Amino acid sequence: MGSFKGHVVPGTLFLMVGIWHMWCSVYRYATNPNGFRLRVWNPVPGFGGRLKYLELYMVTIGAFIDLCIELLYATHLKFFVNGELNPSHLNNFEHSGMLVMFFIFGIIALLSQKTSFLPLSEGALCLVAATAFTAEYLLFYFHSTSHKGLEGYYHFILVLLIGMCILITVVGALIPTSFALDLSSGIAITLQGLWFYQTAFTLYGPMMPDGCTLEGDEIVCRTSDSLIRGELLANFQLFSLVFGVLAVVVGAYSFASLRFGHSSSTALHDTEVDLDRD
């Protein structure tokens with residue numbers, strides 16, 4: 001993943017899934033607030049049911065394609081050198097382990113939903129998804145590639161976002177009726193995808209901070225002031241992404257409430273307004 005494409009590919013997958021989760025969460029709550037239930041995946045309506053499991057197929061196929069890139073293409077099939085794992089591609093092997101977990105989650109979810117061989121509740125699927133996020137967290141926390149300086153700071157923020165995904169998913173399994181947790185899950189996944197993109201454009205693209213350069217496989221900042229300026233820029237980028245995502249969520253919820261809103265949600269809002277007036 002230490003390249004522009006290496007960050008964009010998983011970022012695209014997380015971003016698409018996260019945006020879909022956010023919309024489905026606000027839509028389901030607006031249409032039926034009283035019967036709302038948290039979902040670890042969301043079916044695509046219409047089309048005669050042909051696209052119902054599109055999200056799960058995207059996760060499974062996307063993880064498999066990225067796995068092939070990391071394990072087969074990036075390593076050039078040179079897995080061993082002198083009887084040991086190729087030290088030049090340890091990071092690719094680690095990335096492959098993370099991707100295998102998301103691939104397994106997709107397979108388990110598909111088997112659970114489409115067959116009777118592995119019937120699992122939504123809470124159990126949440127825990128399986130949390131396991132995949134935990135594997136991702138451990139990868140970036142205990143990475144064989146020593147992330148230092150500005151690159152380390154960007155990956156530290158990524159680890160925080162992954163930790164949010166783990167926490168929200170586990171708590172969601174315990175509180176399956178929480179709209180806030182379901183929506184927060186979509187927000188966290190979206191932010192993770194956006195941060196992959198931000199890392200790609202900043203560290204391996206045209207947004208490199210002044211005073212820092214990409215030398216070989218490392219990000220080098222010439223002075224401590226350049227490093228501090230780069231970290232402050234990362235903070236600003238994160239806050240901007242959070243603000244942008246929250247603005248999209250508010251807009252989506254307003255649209256869903258006006259277009260598809262259930263009468264019970266309107267009555268609840270009117271009751272709360274009356275209580276505030278009293």
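This is a predicted model: local features need pLDDT of at least 70, side-chain atom pairs count only at pLDDT 80 or more; totals for chains, interfaces and linings use all residues.
Local features need pLDDT of at least 70, side-chain atom pairs count only at pLDDT 80 or more, and totals for chains, interfaces and linings use all residues. Residues are numbered from 1 along each chain as its sequence is written, and side-chain values use heavy atoms, without hydrogens and water.

**View 1. Thr 169 in helix α5.** Helix α5 spans residues 149-174; helices are DSSP runs of H or I, at least four residues, and strands are runs of E, at least two, numbered from the N terminus. Thr 169 has 8% relative accessibility, so it counts as buried (under 20% relative accessible area, 1.4 Å probe, protein chains only). A polar atom of its side chain lies 2.6 Å from the backbone oxygen of Cys 165. Beyond four places in sequence, Thr 169 contacts Cys 126, Ala 129, Ala 130 and Phe 133 (heavy atoms within 4.5 Å).

**View 2. The largest nonpolar core.** This core holds 60 residues. It is a set of buried Ala, Val, Leu, Ile, Met, Phe, Trp, Tyr and Cys residues joined through side-chain atoms within 4.5 Å. Phe 140 and Trp 195 have the most contacts inside it. Elements giving two or more residues include α1 (4-31), β4 (218-221) and α7 (224-260). The largest share, eleven residues, comes from α5.

**View 3. Helix α6 against helix α7.** The two helices pack at about 140°, with axes 10 Å apart (lines fitted to C-alpha atoms over the stretch in contact, with angles from 0 to 180 degrees between N-to-C directions). Trp 195 touches residues including Ala 234, Gln 237, Leu 238 and Leu 241.

Technical notes:
Buried means under 20% relative accessible area, exposed over 50%, partly exposed in between (1.4 Å probe, protein chains only). A polar contact is a pair of N or O atoms within 3.5 Å; within protein, one must be able to donate a hydrogen and the other to accept it, and residues adjacent in sequence count only if both atoms are side-chain atoms.
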